[in-house]
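Me: I have a new model open and want to learn how to read it. Can we go feature by feature?

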Amino acid sequence: MGVKSKAAAAILVLLLFLGSLWLHGGLDYHWDSCLKGYNQGNTLHHQLYNSSGADGAEGSQVIEGCPGQTFQVSMLLSHLQAASELTSDILLQPYLSSWDELVRFMEAMGPMVGLISNEIETKTSIIRQLALLAEADPEAELVGPDIHSINGEVTEAGEKTDKEASQHTGAYHSVRTMIWTELDQGQVNFHHQTDSGCRTLLRLHRALLWLKLFLEKLSETPVAGRLRSPSELCREAYQGTLAHHHTWFVRKAAELAFIAMPERTFFFRLVCVQNQEELSMLLKRVVQSLGEVYDRTQSALEENGMLDLP
C-alpha cells in the first residue's frame, strides 16, 4: 500500500471515529440502540401543497416526488408541517420522521457527510425508545401544566387545536409534554449528563440549526456573479452553529467531511430541479418550515432553562 493510500485510509478511520462525536456528548450514549422507531402508519403522499403561509403562486405549487432518489423533499415538508400542527408546540413523532428524511439527505451527499447521520440516528432512536418505554409503563402519565395552556390562543383555530391536543396527552407526545414529564420524574440533571430525552433533543436541535442555515445559504442568489460552492456554504453554516459545541478534533473531522461534498448540480438532481432559481424557490419553503420547528423547540427549551444541558 502506497503512502497516499495509507494516508487516505488513516483519514477514513479518523472520520469514522470522530463522526460518532458529531453531536456533542454522543460517545457515551446508546451505541447499540437498534430501535428505529414508530411504524409510520400514515400514507404520506409525494405531492403536497405548502400550507405554511407562503405568498403567491410559489406557496401553492405542488411538489412532486423525485424519481430515483431516496431523499424526498415533499416527505420532509409533510413531516415538518405535521410536527407544527399544534399552536405553539412540536409533535415528536413527525419531528423524528423529519429527521429520518434529513438523514437520507445527508447520506445522499456521500459517505463522508453520511457518517454524521449515524450519530443523529442514534439520537432519534434514544427518544423513540424512551417513548415506547413510557407507553409500556401505565404510571407514565402527562404531568405539568394543562395541555390547553400550550395552545391558549383565543382563536377559532386555536380552540379546535386545543380539543384535538387534549385527546393525546402521552408523556412523549410533544416536546413540551416530554419536558414536563422528564422534569417531574427527575430524569433531567442541569449539572451532570443523564439519559434524558431533553438532553438528546437539545443535540438534535443544534444540528437542525446547522442544516437550516446550510439550506438557507444554498438557496442564496449569486454573489459578485458567482455561486459559492456547497462545501464552502456548509462549512460556514457549521462554523456558526455546531462548531461552538465541538472539540478541536471534531471540528477538523468536519472540515474534511465538507471538502468531500458534491457540487451544486448534485442538489439540482437530488430534488429534481433544473436550475438555481428553481432550487431557491424550493429550499426557501423548506427553510421556512424548518424555522418554525426550530423556533418552537427553542422557546420550549429556553423557557425551561435547557439550552445548556451538559
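This is a predicted model: local features need pLDDT of at least 70, side-chain atom pairs count only at pLDDT 80 or more; totals for chains, interfaces and linings use all residues.

Me: Start with the fold. How many helices and strands does the protein have?

Reply: Count the secondary structure elements before anything else. The protein has twelve helices and zero strands. Along the sequence, the pattern reads α-α-α-α-α-α-α-α-α-α-α-α.

Me: What share of the residues is buried?

Reply: Of the 310 residues in the protein, 49% are buried.

Me: And how do I judge the reach of the contacts along the sequence?

Reply: Look at sequence separation. Take the contacts between residues at least 6 apart in sequence: 73% of them join residues at least 24 apart.

Me: Is helix 4 mostly covered or mostly exposed?

Reply: Mostly covered. Of its 17 residues, 13 are buried.

Me: Which residues does Leu 92 touch, beyond its neighbours within four places in sequence?

Reply: Leu 92 contacts Ile 127, Tyr 172, His 173, Ser 174, Val 175 and Met 178. Thr 177 is 85 residues away along the chain, yet the two C-alpha atoms are separated by 9.6 Å.

Me: Give me a loop residue as well. Where does Cys 272 lie?

Reply: Cys 272 is in the loop between helix 11 (264-270) and helix 12. Its relative accessibility is 40%, so Cys 272 counts as partly exposed. Setting aside neighbours within four places, Cys 272 contacts Cys 66 and Pro 67. Its C-alpha is 9.1 Å from that of Gln 69, across 203 residues of sequence.

Me: Next, helix pairs. At what angle do helix 8 and helix 12 cross?

Reply: Read the axis distance and the angle together. Helix 8 (residues 197-218) and helix 12 (residues 276-303) have axes that come within 8 Å and cross at roughly 155°. That makes the two helices roughly antiparallel, because the cut-off for that label is over 145 degrees. The crossing is left-handed.

Me: Which residues make the contact between helix 8 and helix 12?

Reply: On helix 8, they include Leu 201, His 205, Lys 212 and Glu 216. On helix 12, Leu 279, Val 286, Tyr 294 and Leu 301 are among them. By class, the contact has 14 nonpolar, five polar and two charged residues.

Me: How is helix 3 oriented against helix 12, roughly parallel or roughly antiparallel?

Reply: The axes of helix 3 (residues 73-83) and helix 12 come within 9 Å and cross at roughly 30°. The two are therefore roughly parallel. This crossing is left-handed. The class count is nine nonpolar, two polar and one charged.

Note on methods:
Residues are numbered from 1 along each chain as its sequence is written. Side-chain values use heavy atoms; hydrogens and water are left out. Buried means under 20% relative accessible area, exposed over 50%, partly exposed in between (1.4 Å probe, protein chains only). Helices (H or I, at least four residues) and strands (E, at least two) are DSSP runs, numbered from the N terminus. Axes are lines fitted to C-alpha atoms, for helices over the stretch in contact, and angles run from 0 to 180 degrees between N-to-C directions. Angles under 35 degrees count as roughly parallel, over 145 as roughly antiparallel, 65 to 115 as roughly perpendicular and the rest as oblique. A crossing is left-handed if the near helix is turned anticlockwise from the far one by less than a right angle, and right-handed if clockwise. Contact means heavy atoms within 4.5 Å. Ala, Val, Leu, Ile, Met, Phe, Trp, Tyr, Cys and Pro count as nonpolar, Asp, Glu, Lys and Arg as charged, and the others, Gly among them, as polar.
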